[in-house]
Amino acid sequence: MRLLLIEDDLQAAEYLVKGLRENGYEVEHSPDGRDGLDKALSKRYEVIIADRQLPYVDGLQIITTLREKEDRTPVLILSALGTVDDRVTGLRAGGDDYLTKPFAFAELLARIEALRRRASAHNETTRLKVADLEIDLLTRKAYRGGRSIELTNKEFQLLEYLMRRPGQVATRTMLLEKVWNLHFDPQTNIIDVHMSRLRNAIDRGFSKPLIHTVRGAGYVLKE
Amino acid sequence: MRLSSARLAAAFVALFAAGVTVLLTAVYFLTARVLDRDVDAFIRAEVDSLIDDYVQGGLLQLVATLHRRSDNWGRTGAVYLLTEANGYPIAGNLAGWPQEVTTHGDSVEFDIDASGSGGAARHPVRAQTLYLPGGRRLLVGTGILERRRLATRLRTAMVWGIGSSVALAALIGVGYSRRVRRRVADIAAACRRIMNGNLAERLPVESSHDEFDELAVAVNEMLDRIHRQTDLLQTTFDSAAHDLRAPLYRARVRIEQALQHEDWSPASRETMEATLAELEGVQRTLGTLLQIARAEGRDREVTKERVDLADLAREMIELYQPEASERAIGLEYVGEDSVALEGNRQLLAQAIVNLLENALKYVPAGGRVSVAVRQSAHEAALVVSDNGPGIPEDQRERILQPFARLERDRAQMGSGLGLSLVASVTRLHNGSITLEDNRPGLRVVCRFAL
C-alpha cells in the first residue's frame, strides 16, 4: 500500500506522512513537482496525492503527463484554491478526486481508501449483497432478509453508493459530491437527516445494524 | 434619451423654418413696396409734367401732349386718359374710364385689354387720377406686367427657399439626433458590458473630439482608477486569504494528529474538538468570502453549461425535505416544469441551498416555504418565499452586503454571508436580486436574463 505525497508545505507534509503511516500506509514524500513527477514515473504507487500549486511542475501538469504516458494511477489533488470552478477544472484535467485545504484528516483517509478500491468497485454487476441486505440495480429494489424495503430514489442511490464500498468510510462531503453532485458544503448537516432516514428503513427491526456512524468522519456500511 | 434628442432636433427645425419664413416674407414685402414706390414716383413725375403743360398752355396744350404721348404705349407702357366731367374721353389711349377706378388721389391698379403682337391680352396697370378744373378728370398710369412677373418670381423663389431650407434643416436635425442617439446608445451599451463584468472594457472614443469624446475620456480615466483600486484590493484579499489557509491547514492537521494518539482527558479532548470546529467555521467563512470576491471581481469567467433551474430547484428541495419535515415546516415547489438557462450548476445550486437554509432557519415550526422557477420572454426568475418574520423594508438593501445581519438575529448562528453569496451568484449570471414583502414573510426573487 504505497502512496506518494507531493506537497511543498513541508510542515504540513510531515504531519500528513506521520498520520498516513500510523494508518498503515507506506508513504513517500516529494517536496516539489519535478521530483514528484520523476518518482511517479519511475515507481508504481497505489494513489498519488498532489498539491495543486507546486514548484517547477504543478499538480495538474503532473496528472496530464501521467495520463499521456497511459499511467492510470489515481491522483487526489489537494488545493488551497477553493472555488467550485477550481474543483471542476481539477477534475476535468484528469484528477480523480479533489480536496480543498484545510480538510479533516479523516476526509483525506476516506478518499484515499475510496480511490484505492475504486478499480474493483466498477465491475458490471446487477445485484449487490452485504450480509442479508441485497439491492437489485435493474429493478432498483432493496431487500433485507428476503423482505422488500421501500426506498425513495435518493435513498436508493445513497444505499447503492455505500453497498458498492462495504467497509469503507464515506464522508458527508463525499456523499454530497457523489450522490447529489454538489461540490460545496451546506451549512447544516443535511446528510445526517438523510442517513438517519435510510438507517430507519434498513436497520429498524433487525438485530444487527448495517449502517454505522464513524465519529468525526462519516458513515460506513458493514456487517 | 431617444425622445429628447429627436425633440431637440424637431424644435430646432421648427425654429429655423419660422425664422426663414419671416425673413423671406419680409424680403418679399419690402421688395414689392420698393417696386410700387418706383412706379408711383414715375407716375407722379408724369403727372407733374402734365400739370405743368396745363398750367402753361391750358387744356389745349395738355391734350396735345397727351396725343403725342399716347402713341408710346407699346414702348413705355404708359396709359393716359382725359375725360369731360360726364366721362366723355377727350384724349388718351384708353377707350373709356375704367369701371374699377372710383377713388381719387391714391394709386389704383386695374387691368386693361391691350392688343399686343399676340392679340388681345389683359394688362395690369397702376395709375393715379386727379380732377382738373371744370370737372374734367385725368388718369395717368403705367403697365406693371414686369413688376407683377418679378413679384411672382420672387414669391416662387421664396416658397422654394423656405421649402428647401426646412428640408435641409430637417435633414441636419435627423442626422444630428441620430448621431446623438447612436453615441449615447454606444456609451450605454459599453457601460452595461462593463457592469456585467467585462471590467477591462472602456467607453468608445471617436476621434471627433466632441463633447461625447470628452465625456468618454473622463469616464475611462475614472474606470481606470477604479480598476486599479479593485485590483489592488483583490490581490491583497487573495493573498491574505491564501496566506491564512496554510497556517489554518497546519493547525488543523496538528490538532487532529494530537487527538488521534495522546491520552487526553475528556475535557482537553472536548476543547480540542471545539477548536477544530472553530477552525472549520473560519475556513468556511474564508472560502465563502473568496468565492464572493471572485464572483464580484474581474475574473468573473466561470464555466457555464445548460442548467435546468427548475430541475435544480426540485433537487435541492428534495435534499432539504427531510430537514424541513423534522422542523414541521412545509416545503414545496410550485413553479414551472422546466426552465433552462446558461449557468454554473454548482453556484446556482449553492444559491438555492443558501436561500433554503435561510428560510428554514428563520421560519418557525408550522410555517411554510415555497420555491418557484418561472420563465417569461426575456428572463427566468427563481422565487423563494416563506411566511417567517421577513426583513424590514429599510434593511433589505443592506442585508445583501457581506457580514450584514439583522439586529434581532445577532444571537443566531451564521456568518452573514449566505444572502450575500446568493446576490453575487445572481449578478455573476447577469441577474438581479430583490427582497420583497411576502405579507407576511420574505420573498427573495432572483431574476436571470435569458
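This is a predicted model: local features need pLDDT of at least 70, side-chain atom pairs count only at pLDDT 80 or more; totals for chains, interfaces and linings use all residues.
**Helix over the sheet, chain A**

I started with helix α6 (residues 153-163) of chain A, which lies across β6, β7 (133-136) and β8 of chain A. Its direction is about 115° to β7(A). For "lies across" I used contact, meaning that the C-beta atoms of two residues, placed from the backbone, lie within 7 Å. Axes here are lines fitted to C-alpha atoms, for helices over the stretch in contact, and angles run from 0 to 180 degrees between N-to-C directions. Helices (H or I, at least four residues) and strands (E, at least two) are DSSP runs, numbered from the N terminus.

Residues are numbered from 1 along each chain as its sequence is written, while chains are lettered from A and ligands numbered from 1 in the order in which they are written.

**The sheet itself**

Next I traced the strands under that helix. They belong to an open sheet of 4 strands, in the order β6-β7-β8-β9 (chain A), and the pairing is antiparallel. Strands count as paired if DSSP finds at least two bridges between them. At the edges I found β6 (127-130) and β9 (147-149) of chain A, each pairing on one side only. Neighbouring strands are turned by 25° against each other on average, direction ignored.

How many bridges join β6(A) and β7(A)? I get 4, in the antiparallel sense. Within that pair, A:Lys129 stands opposite A:Glu134 in β7(A). At the other end, β8 (residues 141-144) of chain A pairs with β9(A) over 3 bridges, again antiparallel, and A:Ala142 stands opposite A:Ile149 in β9(A).

I checked the turn between β6(A) and β7(A), a hairpin with 2 residues between the strands. A:Ala131 sits in that turn, and its phi is near 50°, a positive value in a residue other than glycine.

B:Pro440 lies in the loop between β11 (431-437) and β12 (442-449) of chain B.

**A helix pair inside chain A**

I looked at helix α2 (residues 33-42) and helix α3 (residues 59-68) of chain A, which pack at an angle of about 25° with their axes 10 Å apart. That makes α2(A) roughly parallel to α3(A); angles under 35 degrees count as roughly parallel, over 145 as roughly antiparallel, 65 to 115 as roughly perpendicular and the rest as oblique. The crossing is right-handed. A crossing is called left-handed if the near helix is turned anticlockwise from the far one by less than a right angle, and right-handed if clockwise.

From α2(A) the contact takes A:Gly33, A:Gly36, A:Leu37 and A:Ala40, and from α3(A) it takes A:Gln61, A:Ile62, A:Thr65 and A:Leu66. I sorted these residues into 4 nonpolar, 4 polar and no charged. In this scheme Ala, Val, Leu, Ile, Met, Phe, Trp, Tyr, Cys and Pro count as nonpolar, Asp, Glu, Lys and Arg as charged, and the others, Gly among them, as polar.

**Where A meets B**

The contact between the chains takes 29 residues from chain A and 31 from chain B. Which helix gives the most to the side of chain A that touches chain B? I find α1(A), with 6 residues. By class, this side of chain A has 15 nonpolar, 8 polar and 6 charged residues.

I then followed α1(A) onto helix α4 (residues 211-261) of chain B: the angle is about 30° and the axes are 9 Å apart. The two are therefore roughly parallel, and the crossing is left-handed. Among the residues in this contact are A:Tyr15 and A:Leu16 of α1(A), and B:Tyr249 and B:Val253 of α4(B).

Last, α8(A) and helix α6 (residues 309-326) of chain B: their axes come within 9 Å and cross at roughly 80°. That makes α8(A) roughly perpendicular to α6(B). A:Ile190, A:Val193, A:His194 and A:Arg197 meet B:Leu319, B:Tyr320, B:Pro322, B:Glu323 and B:Glu326. I count 5 nonpolar, 1 polar and 3 charged residues there.

**Confidence**

I wrote down ipTM 0.83 and pTM 0.68 for the model.
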